[in-house]
Amino acid sequence: MINIVVLLSGSGSNLQAFIDAVNAQTLDAKIVAVISNKADAFGLQRAQQHNIPTEILSHKDFANRDSFDAALIEKIDPYKPDLIILAGFMRILTPAFVQHYRGKLLNIHPSLLPKYPGLNTHQRAIDAGDSHGGATVHFVTEELDGGPAILQAAVAIQAGDDGATLAARVLRIEHRIYPQAAQWFASGRLALRDNQAYLNGELLPPNGATFTQ
Ligand code: GRF
């Protein structure tokens with residue numbers, strides 16, 4: 001059983017997937033806190049409904065990224081997390097923050113990384129004429145959306161898709177792969193070593209493991 005802290009800024013549907021996986025006992029973890037940089041994030045309400053402690057830390061109260069991230073570390077560490085889950089946390093993290101949690105900081109990005117780091121991923125995939133969009137769970141390193149991939153799922157782009165319709169289908173698969181990757185970590189099967197992701201002691205391929213339904 002590991003302790004997880006979730007960081008988010010918005011709806012928190014991925015947080016909900018974690019809550020559901022914990023309740024279904026498919027994720028051997030306790031969500032010990034949910035922290036948001038936005039007071040109105042719906043994810044905070046999801047946490048409260050399940051009696052998970054919540055914290056708000058607004059980046060607007062800090063002069064710069066370094067001081068915000070230092071305060072964030074002070075909020076997180078008393079919960080003694082084994083794993084930090086970024087679930088729609090819309091902040092770029094400083095190298096100091098990332099290094100503090102090296103090997104236990106995961107993110108999910110809504111594209112088939114290394115394609116489309118950054119924002120607007122679904123529309124960019126459609127505009128490029130790609131056959132698939134998708135999502136990638138990865139370890140967080142200093143490079144934005146660039147850390148070693150763990151698990152990736154592809155979603156076919158359909159005629160008539162726009163960014164919103166594709167995003168909705170990708171989100172449904174995010175809710176399956178993110179708790180799955182966290183369970184690999186919880187069971188000791190997943191590790192970051194020398195900036196590379198290992199599953200069951202074997203180096204994962206550059207795009208991570210492939211999720212098949
Ligand atoms: C997801 O699309 C995720 O891939 C991205 O932020 C979004 C969070 O959605 N990192 P939600 O708040 O979990 O519903």
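Biologist: Hi! Over how many bridges do β8 and β9 pair?
Modeller: Four bridges, and β8 and strand β9 (residues 196-199) run in the antiparallel sense. Strands here are DSSP runs of E with at least two residues, numbered from the N terminus, and two of them pair if DSSP finds at least two bridges between them.

Biologist: Where does this model come from?
Modeller: This is a predicted model, where local features need pLDDT of at least 70 and side-chain atom pairs count only at pLDDT 80 or more, while totals for chains, interfaces and linings use all residues. Residues are numbered from 1 along each chain as its sequence is written, and side-chain values use heavy atoms, with hydrogens and water left out.

Biologist: Back to β9, then. Which residue stands opposite Tyr-198?
Modeller: Ala-191 is opposite Tyr-198 of β9.

Biologist: And in what order do the strands of that sheet come?
Modeller: The order is β8-β9-β10, three strands in an open sheet with antiparallel pairing. β8 (190-193) and β10 (202-203) are at the edges with a single partner strand each, so one side of each has no neighbour in the sheet.

Biologist: Switching topic: which residues are around the ligand?
Modeller: Ser-11, Gly-12, Ser-13, Asn-14, Gly-88, Ile-108, Pro-110 and Glu-174.

Biologist: How about backbone atoms?
Modeller: A backbone N or O atom of Gly-12 is 2.7 Å from a ligand oxygen atom, and one of Ile-108 is 2.9 Å from a ligand nitrogen atom.

Note on methods
A residue is near a molecule or strand if one of its heavy atoms lies within 4 Å of it. A polar contact is a pair of N or O atoms within 3.5 Å; within protein, one must be able to donate a hydrogen and the other to accept it, and residues adjacent in sequence count only if both atoms are side-chain atoms.
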